[in-house]
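Please look over the sequence and the model shown here before turning to the report.

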Amino acid sequence: MTHALAAAPAPRTGQDSVGLLRLYRAELRWIFRRPRTLAVLGLLALIPVVIGVALTLVDEAVDPNGGGGDGALLTSAVSNGFILPVAALTMTLALLLPLASAMAGADAIAGEAAHGTLRGWLLAPVGRGRLLTIKAFGVATVSAIAVLSMTFTGFVTGLVISGTDSMFTLTGSTLSVWDALGRVLLVALWVTLQLWAVGAVALAISSFTEHPMLVVASVLAGTIVFTILGILDAVSWLHPFLLNENWSQAPASVLMDPLDTAMLGEGALRAACYIAIGLSIAYARLTTRDG
């Protein structure tokens, strides 16, 4: 036994012996020291407030029980505090929220490669899977904070503007504050999952370049291309594979009664596939990358 213990290799020192939680905290400190990250999160949190204040100045009211388009949905939030956070999340999901996730994914790998800090990670005694896990958690955290901050400010703004007795669906059913909050949180969770998928794609692209802006531009360009493809009937066979398919319709399903989660479930499954594919590509690239 003594000889076996003596012959056993000494445990590796350095980052490989550091716990994931400690590395995760270090990653978060690095993320939230970037002024642009704080600026983007702050601006996103203000959007529901700005929308709510602007809607109070609208003279023309829209019947909250009538469906209508996006404009009608927004205007109906004047008298319905339940709609404001859902409408704000739906609007920003088209571009601004994916931008936040794309920026986080770009900074996670390409940004550190540009500053030379990624090479230290790759040369250190830390597994590439461990490295990607930390980076993915960091991007996921930024996305979750962006969505939750918008959800909080939107829900509070809706309560301030319309009161606690103004929670009702577009089909006319009255909701309690807690029931309305539960539905809003369901939308927030779904939107967060979509942003995790965007972040996974950004990490995959980020692992191939040292230019963060190229990652952001690629993700946003892909979002625009997917949007265009989504309105072309000639490629309708491709629509189920587009990440942003039903981004503008699925969140509004919680505004109806009874609650229909079919589109939410379909979108969640699609996002999970993108997360798996994006992180797999990023891991495959990191395992062959030297710096």
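## Confidence of the model

The structure is a predicted model, and the mean pLDDT of the protein is 83, with 82% of its residues reaching 70 or more.

Two stretches call for care in any reading of the coordinates. Over residues 1–15 the pLDDT is below 50, and the model gives this stretch nine contacts beyond near neighbours in sequence. Residues 59–69 likewise stay under 50 in pLDDT, and for them the model has 14 contacts beyond four places in sequence.

## Overall make-up

The protein holds eleven helices and zero strands, so that its pattern, read along the sequence, is α-α-α-α-α-α-α-α-α-α-α. Of the 291 residues in the protein, 46% are buried.

When contacts between residues at least 6 apart in sequence are considered, 78% of them join residues at least 24 apart. The accessible surface of the protein comes to about 14000 Å², and carbon and sulfur atoms account for 70% of that area.

## Packing of helix 5 against helix 8

Helix 5 (residues 83–93) packs with helix 8 (residues 128–162) at an angle of about 145 degrees, and the axes of the two helices are 7 Å apart. The crossing in which helix 5 passes helix 8 is right-handed. On the side of helix 5, the contact is made by Leu-84, Pro-85, Ala-88, Leu-89 and Thr-92, while helix 8 contributes Val-147, Met-150, Thr-151, Gly-154, Phe-155, Thr-157 and Gly-158.

Leaving aside residues up to four places away in sequence, Thr-37 touches Ile-31 and Phe-32.

Definitions and conventions:
Residues are numbered from 1 along each chain as its sequence is written. This is a predicted model: local features need pLDDT of at least 70, side-chain atom pairs count only at pLDDT 80 or more; totals for chains, interfaces and linings use all residues. Side-chain values use heavy atoms; hydrogens and water are left out. pLDDT is the predictor's confidence in each residue, from 0 to 100. Contact means heavy atoms within 4.5 Å. Helices (H or I, at least four residues) and strands (E, at least two) are DSSP runs, numbered from the N terminus. Buried means under 20% relative accessible area, exposed over 50%, partly exposed in between (1.4 Å probe, protein chains only). Accessible areas come from the Shrake-Rupley method with a 1.4 Å probe; for residues, only the protein chains shown count as cover. Axes are lines fitted to C-alpha atoms, for helices over the stretch in contact, and angles run from 0 to 180 degrees between N-to-C directions. A crossing is left-handed if the near helix is turned anticlockwise from the far one by less than a right angle, and right-handed if clockwise.
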